[in-house]
Amino acid sequence: MNMTITKAAVAWFREEWGCKEGDSIRFFVRYGGVSTVQDSFSMGIAKESPNEIGISTVEDGITFYMEKDELWYMNGRGLIVDYRPKTDEVEFKLD
């Protein structure tokens with residue numbers, strides 16, 4: 001299980017969220033919403049420090065992670081986080 005953050009997504013987090021080296025971005029599971037990953041659940045995003053990292057990657061000095069207790073959402077697969085300029089949205093996919 002791995003996490004991939006595309007260069008486009010990293011650039012979006014730097015521009016839209018003001019992220020800089022040393023910051024942490026958490027992806028978390030929330031009930032409801034529309035998802036390409038799991039029915040009835042969607043991903044949320046928060047700029048906060050980790051408690052118990054389950055999976056993470058560091059891109060351009062920014063730590064992107066999910067907490068250990070939310071890895072069920074990925075069904076043992078890897079997570080790809082991308083940015084879609086056409087819709088101006090972050091997109092989550094499983095690989």
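The structure is a predicted model, in which local features need pLDDT of at least 70 and side-chain atom pairs count only at pLDDT 80 or more, whereas totals for chains, interfaces and linings use all residues. Residues are numbered from 1 along each chain as its sequence is written, and side-chain values use heavy atoms, with hydrogens and water left out.

The secondary structure comes to one helix and seven strands, and from the N terminus on the elements run β-α-β-β-β-β-β-β; helices (H or I, at least four residues) and strands (E, at least two) are DSSP runs, numbered from the N terminus. Among contacts, defined as heavy atoms within 4.5 Å, with a separation of 6 or more, residues 24 or more positions apart account for 52%.

Strand S4 (residues 53–59) and strand S5 are paired in the antiparallel sense over six bridges, where pairing requires that DSSP find at least two bridges between two strands. Within this pair, Ile 55 has Met 66 of S5 as its bridge partner. The two strands form a hairpin with two residues between them, and Asp 60 in the turn has a positive phi of about 55°. Five of the six residues of S5 (residues 62–67) are buried, so this strand is largely enclosed by the rest of the structure.

Leaving aside neighbours within four places in sequence, Phe 64 is in contact with residues including Met 3, Ile 5, Val 10, Phe 13, Ile 25, Phe 27 and Ile 55.

Nine aromatic pairs are found in the whole structure; rings of Phe, Tyr and Trp (its six-membered ring) pair if their centres lie within 6.5 Å, and planes under 30 degrees apart count as stacked, over 60 as edge-to-face and the rest as tilted. Trp 12 and Phe 13 form an edge-to-face pair, at 5.0 Å centre to centre and with 85° between the planes. Trp 12 is buried at a relative accessible area of 15%, and Phe 13 is buried at 0%. The ring centres of Trp 72 and Tyr 73 are 5.9 Å apart and their planes stand at 85°, so this pair is also edge-to-face, although Trp 72 is partly exposed at 43% relative accessibility while Tyr 73 is buried at 0%. Ring pairs link Trp 12, Phe 13, Trp 17, Phe 27, Phe 64, Tyr 83 and Phe 92 into a cluster.

Asp 23, in the loop between H1 and S2, is buried, with a relative accessible area of 13%. Not counting residues up to four places away in sequence, Asp 23 touches Gly 18, Lys 47, Gly 61, Ile 62 and Thr 63.

Technical notes. Buried < 20%, exposed > 50% of the residue type's maximum accessible area, 1.4 Å probe, protein only.
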